[in-house]
Amino acid sequence: MTLGIIGAGPAGSFLGAKIGWDKSIIFDGKPKIGSPIQCTGIITDSIYRVIDEIPDNVIVNHIDTFRIFAPDGKSIDVDLDKENIILHRGKFDQHIAKLAKDNGTPIKLNHQLKGWKKKNNKYRLLFTNGKHHDVDYLVGADGPHSIVAKKANMYGEREILPGIQARVRIKKQSQKFDKNVTQILFGLGEFSWIVPESSTIARIGIIGKNTKHFNLKKAFDNLAEPYKHLEYQSGQIPMYNPKQKLQQDNIALIGDAATQVKATTYGGITYGMLSATYLGDQWEGYEKKFNSKLGKDLWISLKMREVLNKFSEKECDELLEIFRKEGNKEILEKMDRNFPSKFILKLLMKETKLWKYGFKLFRK
Ligand SMILES: Cc1cc2nc3c(=O)[nH]c(=O)nc-3n(C[C@H](O)[C@H](O)[C@H](O)COP(=O)(O)OP(=O)(O)OC[C@H]3O[C@@H](n4cnc5c(N)ncnc54)[C@H](O)[C@@H]3O)c2cc1C
């Protein structure tokens, strides 16, 4: 049986690295893996649930503190129990692609899928370069606008958000970044960040939607304007859809193609790779396994996002003060934001003031 994987991002390549089938092959439309970069590359140590090690040259920095600023300018420092990792996202994708090749899964670049014809239970994949390839099974790991999902009628109702990011350098010494501190601007857009690579270089970005009162590009310009822009790394991020179909006939979706992104901080690398391991372990029952292992956490993140999107600036200020309190901050310091089910209940039990925000879920 032949498996065709569309997309050599972390999800597709990691599936290629895990799959034990006789013949699997990855196709990507790009000429080079990992380029252009459209990601901040910050991950928690839960990546080590997925992969044994990450080579040193792929890791740019470590983060030990999240400094969260409220709209009123006050901040709290959340000292992480376990450091976050800042990846060189281009090198990371190339590393995972090498694992796929080492596992016997070749990668064909410059192969942009445009569709397929189904004949005798086989998919004849058609590429824009005029080539074709026959496979028995097909996986869409082709990002948020997945053509596999669209052609298989599995795209569903998905919302895709723009994320604007620049890699910047300071212009003067007084702008120096704390090398191991990520800054979060709570209440600005849906999520905004300054993630340092070093004390002089950082990745600055923001995700959100334009509204009557908010202009994403303007907010980004304000945030990044003081620095010298080295490179733009903007991209698009799908909002998790709990009703997303993951598997149908001999087709499956993983990663951003399957909206497997947490809606709180819009990270998708670890989820996409976890879902690749589930599918790589066993084709049958992948959707069920994914939903039982990660569905709850993605759903909680989605609900947290729905609540946060209804916060006024004053409520953002208030929430930060609640998090500042002894006991609450400790819970945040120990949490792994990929798995909110592990800490949300603890937090709600400890801090009943948080309950009132839950009612926002029912407010239009
Ligand atoms: C600004 C920004 C910042 C982010 N920051 C973080 C972060 O800090 N941490 C984190 O965990 N996540 C972050 N994300 C999300 C993260 O980048 C994605 O979740 C992750 O890249 C998903 O991996 P993937 O393999 O599913 O898809 P992708 O990485 O998008 O890879 C899809 C691949 O499919 C290929 N492809 C697409 N269409 C076709 C086609 N028709 N034919 C052939 N090939 C095709 C593409 O060329 C691409 O190589 C960020 C996203 C953005 C936009």
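A: Let us start with a term that we will need throughout: two strands are said to pair if DSSP finds at least two bridges between them. Please keep in mind as we go that this is a predicted model.

Q: In what order do the strands of the open sheet of 3 strands lie, and how do they pair?

A: As a general idea, strands of a sheet pair through backbone hydrogen bonds, either parallel or antiparallel. Here the open sheet of 3 strands has the order E7-E8-E9, and the pairing is antiparallel. Strand E7 (113-119) and strand E9 (132-135) stand at the edges with a single partner strand each, so one side of each is left without a neighbour in the sheet. On average, neighbouring strands of this sheet are turned by 25° against each other, direction ignored.

Q: How many bridges join strand E8 to E9, and which residue stands opposite Tyr 123?

A: Strand E8 (residues 122-127) is joined to E9 by 4 bridges, and the two run antiparallel. Across this pair, Tyr 123 stands opposite Val 135 in E9.

Q: Into which domains is the protein divided, and where does the ligand lie?

A: The division gives domain 1 (2-34 + 90-156 + 243-304), domain 2 (42-88 + 159-237) and domain 3 (309-362). Domain 1 and domain 2 both give residues to the shell around the ligand, so the ligand lies between them. Of the 39 residues around the ligand, those that come nearest are Gly 7, Gly 9, Gly 235, Gly 255 and Gly 268. By class, this shell has 16 nonpolar, 19 polar and 4 charged residues.

Q: How many residues of domain 2 are in contact with domain 3?

A: In domain 2, 15 residues are in contact with 15 residues of domain 3. Strand E5 (residues 75-87) gives the most to the side of domain 2 that touches domain 3, with 5 residues, and by class that side has 7 nonpolar, 3 polar and 5 charged residues.

Note on methods. Residues numbered from 1 in each chain as written. Predicted model: local features only at pLDDT ≥ 70, side-chain atom pairs only at ≥ 80, totals over all residues. Axes fitted to C-alpha atoms, helices over the stretch in contact; angles between N-to-C directions. Near = placed C-beta within 6 Å. Nonpolar A, V, L, I, M, F, W, Y, C, P; charged D, E, K, R; others polar. Domains from an automatic or database assignment. Contact = placed C-beta atoms within 7 Å.
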